[in-house]
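Visitor: Could you take me through one part of this model up close? I'd like to hear what sits around it, piece by piece.

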Amino acid sequence: MSVPVDATQTPAWQRLTELRDQLNVDFRSWFATDLNRTADLTFSAGDLYVDLSKSYLTNEIKQALIDLAQQVGVAERREAMFRGERVNVSENRAVLHTALRAPEGEELTVSGQDVSADVHETLHRIYEFADKVRSGQWRGVTGKPLTTIINIGIGGSDLGPVMAYEALQPYVQPGITCRFISNIDPTDLGETLKDVDPETTLFIVASKTFTTLETLTNARQARTWLLEKLAAQGAPTEGAVAKHFIAVSTNLAEVAAFGIDPENAFGFWDWVGGRYSVDSAVGTSLAIAIGPQSFQNFLAGFHMMDVHFRTAPAERNVPLLLGMLNVFYSNFLGAATHAVLPYSQYLHRFPAYLQQLTMESNGKRVRWDGSPVTSTTGEVFWGEPGTNGQHAFYQLIHQGTQLVPADFIAFANPVYPLVDGNADQHELFLGNFFAQTKALAFGKTEAEVRAEGVAEELVSARVFPGNKPTTSIMAPSLTPSVLGQLIALYEHITFVQGVVWGINSFDQWGVELGKAMANALTAAVAGDAAALAQEDQSTRGLIEYYRKHRR
């Protein structure tokens, strides 16, 4: 196991500290004196147009960030990941989500195994099954086609599929609907199933080990619901589970014990982290909904960004530059949060998806060799689609005291080109997108406020300081390929930051303690007095309140 470079001890870190101390952000002056600023700080990656001109990058800061990436070994770590080396050191695993979207025939052998061949064998099986469902060839126990697909998973087995399904609604085959159950709260399952026809429902149970508590609890309840509803309708129940359930899992024994035909289990590998798995068999619900061809385009978009990240020179490498820029905001300017603001209703779940990707990956306090980190790590990612967010939290971004770097994402072409009178509604929408980054950058001065005739006592409240950093990302349309490119972009941004901080971005031990304690608390919650007495006074009080008020 290599020892991570301490970024804080590098010459580039010292140089960035000096540049931070000298930094006087003045976008009005910067744009007035540097007529090439936008051209110099606008980049292409696949179909994405990325404008960093309203960021805090200067030529000196950009070069120092590139130097820092070089001095901590980002390129070397990147190549080790792509080659299949065991960069997930705490679990002794390779990290090969990039292999999930490599073209067929592009060989990658790891520990004597042709990884690429394994991936495409599974994809072909998924596509064959998806075609059977989409065509009506695969039918339920009463002979009806299955048109409601319910994915049961949690974490990466839920956030990725539901986000992508929502994002790609225009590509969903008419007549097919996907729903998602993740929370162990019985409300989630109950609300999802209350208006569903069991005869036309297919459940996908997504759990690599087929032991995930939340997922298996929900799956068992769904199985009970299916059999009871079928029986109540006078439908046969013999063999119903095999017709109405499939699995995304590698534990074939548990799959079979549940009642699912192991032939209808689609596996993935220990080198695929849950939050990196939407392009694996975890995306089976999406493959059914949008079809194999669109799913292949989705994968091709990922691969396009992988190639860019691996081959583009540092000075024009978009994931590298964005990752390093986030490091600058976080470590040198104290930004604790990062907003992602998609101007597309279809991407309304994208910020939530990125929360797991970024915060589960980089919310770490020790480096990959077990030593303490030497700087702050991670950021709180959050956001909502525009223009909703404008009427909610943009106040803080514009006039608050917190530094909130923000990524704005938009598309040139709408799915619904609505025109109201002489007004193109998409143009009105994009007008807000363009205006927000302009307002955040350039603000409004006291003199400009006074010139509008504002009463003197209100002038200070109406001033916008400006000089707020943003990144603008645009693409022609939100297609499966473009969505894949966006996801891979943020995967690689997260990777870059993790290397700088010297952490392992591919484990998630922080989610384990609470789950283990929940299991241990079961007896106390159920009313075992001896178990309850062992708990701390706060936990005991909460459980006692629950026991008292439970009807």
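Guide: Here is a walk around helix 5 and the helices that cover it. First, the ground rules: this is a predicted model, so local features need pLDDT of at least 70 and side-chain atom pairs count only at pLDDT 80 or more, while totals for chains, interfaces and linings use all residues. Residues are numbered from 1 along each chain as its sequence is written, and side-chain values use heavy atoms, with hydrogens and water left out.

Helix 5 spans residues 74–83 (helices are DSSP runs of H or I, at least four residues, numbered from the N terminus). Within helix 5, V74, R77, R78, A80, M81 and F82 are buried, meaning under 20% relative accessible area with a 1.4 Å probe, protein chains only. Just after helix 5, G84 takes a positive phi of about 95°. The cover over those buried residues includes helix 4, helix 13, helix 14 and helix 20, so let's visit them, with contact taken as heavy atoms within 4.5 Å.

Start with helix 4 (residues 59–72) and helix 14 (residues 318–333): their axes come within 10 Å and cross at roughly 100°. Axes here are lines fitted to C-alpha atoms over the stretch in contact, and angles run from 0 to 180 degrees between N-to-C directions. The two helices are therefore roughly perpendicular, a label for 65 to 115 degrees. Helix 4 brings I61, K62, L65, I66, L68 and A69 to the contact, and helix 14 brings L320, L321, M324, L325 and F328.

D306 is buried, at a relative accessible area of 2%. Its side chain makes a polar contact with the side chain of R101 at 2.7 Å (a pair of N or O atoms within 3.5 Å, one able to donate a hydrogen and the other to accept it). Leaving aside neighbours within four places in sequence, D306 is in contact with F82, T98, R101, A488 and H492; F82 is one of the buried residues of helix 5.

Beyond four places in sequence, Y490 is in contact with V340, F350, L354, L357, F381, D407, I409 and I473.

Notes:
Angles under 35 degrees count as roughly parallel, over 145 as roughly antiparallel, 65 to 115 as roughly perpendicular and the rest as oblique. Buried means under 20% relative accessible area, exposed over 50%, partly exposed in between (1.4 Å probe, protein chains only).
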